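Reader: I would like to learn how to read strand pairing and helix packing from a model. Please take one feature at a time.

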Amino acid sequence: MHKRFAIAALLCIAAGGAAAQGYPDRMIKLVVPFPPGGPTDVASRIIGQKMSEGLKQQIVVENRAGASGMIGAEAVAKSAPDGYTLMMLATPTLLFPHLGNYKGTDLFKDFTPIGSAYDLPIVMVVNPSKMPDVSNLQDLITKAKEQPGALNYTSAGNGSFGHLSTELLKSLGQFDIRHVPYKGSAPAIQDLLGGTVPMMFSDMIAALPHIKAGKLKPIAVGSAKRVAFTPEVKTVAEQGFAGFDAVAWGGLLAPAGTPKNVVDRLNRELQTALADKDVQAKLLGAGTLAAYESPEKMKSRMQADFERWGKVIRDNGIKTD
């Protein structure tokens with residue numbers, strides 16, 4: 001009896017291995033757990049299209065939004081670990097478990113990293129008509145300290161990366177500005193442009209067109225190094241906060257248990273796609289940066305960001321709406 005079970009198990013393993021050898025032989029679904037048009041969606045479509053060429057199979061993006069990406073993550077975690085259903089992880093999904101009593105999908109146990117894909121720089125912008133005297137971070141901090149609690153800033157929502165980054169900056173700079181959360185970047189930017197709220201730590205995709213039009217003034221970027229979009233704008237670190245590094249990012253995940261040779265194949269195609277100059281240019285045009293990292297480095301980055309931003313969330317008592 002035991003021998004028959006052992007033989008059956010070996011046959012299943014052999015069949016799975018044979019299937020993986022022929023990978024891919026059909027369409028691949030890439031779940032983006034956010035609405036169409038956002039940074040994760042735009043970057044996923046650019047990268048997926050290029051990977052399709054190398055894989056010689058179409059990669060179709062499916063948007064499954066909700067719960068900061070966890071609805072899509074739960075669906076992918078339950079799918080077959082065969083390389084035909086993937087997910088683009090983004091920072092909000094990684095941090096979501098810190099923001100409430102979430103007990104569902106475990107991103108560390110239920111997924112296998114394929115590789116980091118892109119960085120999404122953030123930029124502190126002010127409405128120049130409302131803050132004509134603010135040209136850099138120190139100007140803003142001085143103004144805030146002169147009027148403790150009187151100034152407002154906006155973000156894409158409670159627990160959004162812009163919210164967390166601003167709260168970290170507030171604690172480091174020892175100044176007080178009040179948070180006015182919106183439901184998404186678009187309405188937040190709209191009221192920022194209208195002057196209802198004068199400042200915001202925004203993702204570059206949302207802010208860049210308005211920076212170029214002169215409607216918003218960039219005063220600091222959150223990344224450790226200056227970014228190509230606004231090379232003249234100093235980093236937060238350059239403006240008195242050494243070590244400050246706030247960058248949202250995204251990377252490809254497969255369900256846990258996906259065969260190693262399938263993960264390796266996807267990793268190679270991801271790496272090739274991100275090395276392509278045309279892909280890099282398209283990502284740049286969309287406000288993101290091609291930023292490949294190996295599965296091992298992606299896993300380490302997930303863990304480091306989960307712990308670091310989790311502390312910011314706990315220290316500031318931040319919860320989702």
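Reader: Is strand β4 mostly covered or mostly open, and how many of its residues are buried?

Author: Buried means under 20% relative accessible area, exposed over 50%, and partly exposed in between, with a 1.4 Å probe and protein chains only. Strand β4, residues 111-126, is mostly covered, with 15 of its 16 residues buried. Helices (H or I, at least four residues) and strands (E, at least two) are DSSP runs, numbered from the N terminus. This is a predicted model, in which local features need pLDDT of at least 70 and side-chain atom pairs count only at pLDDT 80 or more, while totals for chains, interfaces and linings use all residues. Residues are numbered from 1 along each chain as its sequence is written, and side-chain values use heavy atoms, leaving out hydrogens and water.

Reader: Which strand is joined to β4 by 9 bridges?

Author: Two strands pair if DSSP finds at least two bridges between them. The strand is β9 (residues 247-255), which runs antiparallel to β4; there, G250 is the bridge partner of Y118.

Reader: What joins β4 to β10, and to β7 and β8?

Author: With β10 (residues 289-293) there are 3 bridges, antiparallel, and S116 has E293 as its bridge partner. Strand β7 (residues 199-203) is joined antiparallel by 5 bridges, with V123 opposite S202. Strand β8 (residues 217-221) is also antiparallel to β4, through 4 bridges, and V126 stands opposite K217.

Reader: Now the helices. At what angle do α7 and α8 cross?

Author: Axes are lines fitted to C-alpha atoms, for helices over the stretch in contact, and angles run from 0 to 180 degrees between N-to-C directions. Angles under 35 degrees count as roughly parallel, over 145 as roughly antiparallel, 65 to 115 as roughly perpendicular and the rest as oblique. The axes of α7 (residues 185-194) and α8 (residues 204-212) come within 10 Å and cross at roughly 30 degrees, so the two helices are roughly parallel. Contact means heavy atoms within 4.5 Å; here S185, I189 and L193 of α7 make it with A206, A207 and H210 of α8.

Reader: How do α6 and α11 cross, and which residues meet?

Author: The axes of α6 (residues 161-173) and α11 (residues 295-315) come within 10 Å and cross at roughly 75 degrees; the pair is therefore roughly perpendicular. From α6, F161, L164, S165 and L168 meet R308, W309, V312 and I313 of α11.
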